[in-house]
Amino acid sequence: MSTVQQPDPSDRPARLTVGVVGAGRVGPALAASLQLAGHRPVAVSGVSDASRRRARAMLPDVPLLSPAEVLQRADLVLLTVPDDALPGLVAGLAETGAVRPGQLLVHTSGRYGAKVLDPALRAGALPLALHPAMTFTGTPVDVQRLAGCSFGVTAPEELRLAAEALVIEMGGEPEWILEENRPLYHAALALGANHLVTLVAQSMELLRAAGVEAPDRMLGPLLGAALDNALRSGDAALTGPVARGDAGTVAAHVTELRRHAPQAVDGYLAMARATADRALAHGLLKPELAEDLLVALADSGDGGDGGTGTTGTNGTEGTR
């Protein structure tokens with residue numbers, strides 16, 4: 001259950017007209033959430049057929065217009081385009097005079113803070129960076145998932161309260177991120193969430209190859225428990241052959257992966273080396289067992305040393 005305290009309706013800011021530029025998975029969900037809070041979506045822009053279908057499904061009766069027309073109609077504009085497209089979009093909107101003074105311009109990029117909106121700021125807009133720390137499907141379930149979702153918030157100090165109020169209205173929990181920390185913040189989320197999908201997908205493929213008929217059913221309880229333990233206990237939750245120093249088991253894993261799934265070897269070795277470093281640093285992996293383990297992990301298959309033998313940043317005998 002969400003712990004977010006919804007604001008009293010009498011304390012809410014004036015209702016805003018809302019526009020969306022970039023009808024990917026994020027924009028329509030945020031606009032729909034703002035609609036539930038009493039704001040009014042009035043325009044959406046999408047390029048691909050998929051984005052247009054998504055906009056029609058999640059924001060019915062909201063017209064599909066050009067980006068310039070969206071800004072013309074909306075008090076609050078959500079710029080929900082890919083990270084690499086954001087600077088060019090902002091510059092183009094500012095240069096063409098589409099930005100109006102006093103207009104709230106919100107982007108949802110995790111990588112960027114508020115400074116990427118400087119061209120719009122010079123045109124009189126009010127810049128906000130509100131990044132939902134959530135994965136999106138492009139379906140109505142996304143609106144429900146925003147309840148209790150953390151948002152990385154970056155804005156000029158004078159707009160901080162306005163930014164946080166918008167997040168709370170969407171059911172989220174604002175987390176202030178300094179401008180200079182945005183890339184690190186985003187890298188952390190990508191490492192934890194995006195790479196998790198890759199790991200789980202690879203694990204399911206390997207289980208199918210091993211004859212497991214329902215790998216999702218097998219992994220569900222295990223991964224759920226591992227995630228819960230990790231969030232509660234951090235490195236103390238490390239288990240498995242690497243943390244125990246079972247070098248023979250790890251070597252057998254590498255042999256089988258080379259035989260059946262060579263594309264998974266590099267990922268396995270990289271994560272096992274990182275796990276060994278952390279297990280050593282936290283006293284879970286006994287130093288006397290670490291040497292044989294590192295030998296097993298050093299087998300890169302190309303006759304080299306596999307990148308071992310250097311001292312990691314944690315002061316232990318680690319990997320490059």
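Two strands are taken to pair if DSSP finds at least two bridges between them. Helices (H or I, at least four residues) and strands (E, at least two) are DSSP runs, numbered from the N terminus. The model is predicted: local features need pLDDT of at least 70 and side-chain atom pairs count only at pLDDT 80 or more, while totals for chains, interfaces and linings use all residues. Residues are numbered from 1 along each chain as its sequence is written, and side-chain values use heavy atoms, with hydrogens and water left out.

**View 1. Strands β3 and β4 of the sheet.** Strand β3 (residues 76-79) runs parallel to strand β4 (residues 104-107), and 4 bridges join them. Leu 78 has Val 106 as its bridge partner in β4.

**View 2. The open sheet.** Seen as a whole, the sheet is open and has 7 strands in the order β2-β1-β3-β4-β5-β6-β7, with mixed pairing. Its edge strands, β2 (40-45) and β7 (173-176), each pair on one side only. From one strand to the next the twist averages 25°. Strands of a sheet pair through backbone hydrogen bonds, either parallel or antiparallel.

View 3. Strand β1 (residues 17-21) pairs with β2 in the parallel sense over 5 bridges, and Val 20 stands opposite Val 44 in β2. Strand β2 is largely enclosed by the rest of the structure, because 5 of its 6 residues are buried (under 20% relative accessible area, with a 1.4 Å probe and protein chains only).

**View 4. Helix α8 on the sheet.** Helix α8 (residues 182-209) lies across β4, β5 (126-132) and β6 (150-154), and runs at about 20° to β5. Axes are lines fitted to C-alpha atoms, for helices over the stretch in contact (heavy atoms within 4.5 Å), and angles run from 0 to 180 degrees between N-to-C directions.

**View 5. The helix pair α12 and α13.** Helix α12 (residues 265-281) packs against helix α13 (residues 287-298) at an angle of about 165°, with their axes 11 Å apart. The two helices are therefore roughly antiparallel (angles over 145 degrees). Residues making the contact include Leu 269 and Ala 272 of α12 and Leu 293 and Leu 297 of α13.

Note on methods: Buried < 20%, exposed > 50% of the residue type's maximum accessible area, 1.4 Å probe, protein only. Parallel < 35°, antiparallel > 145°, perpendicular 65-115°, else oblique.
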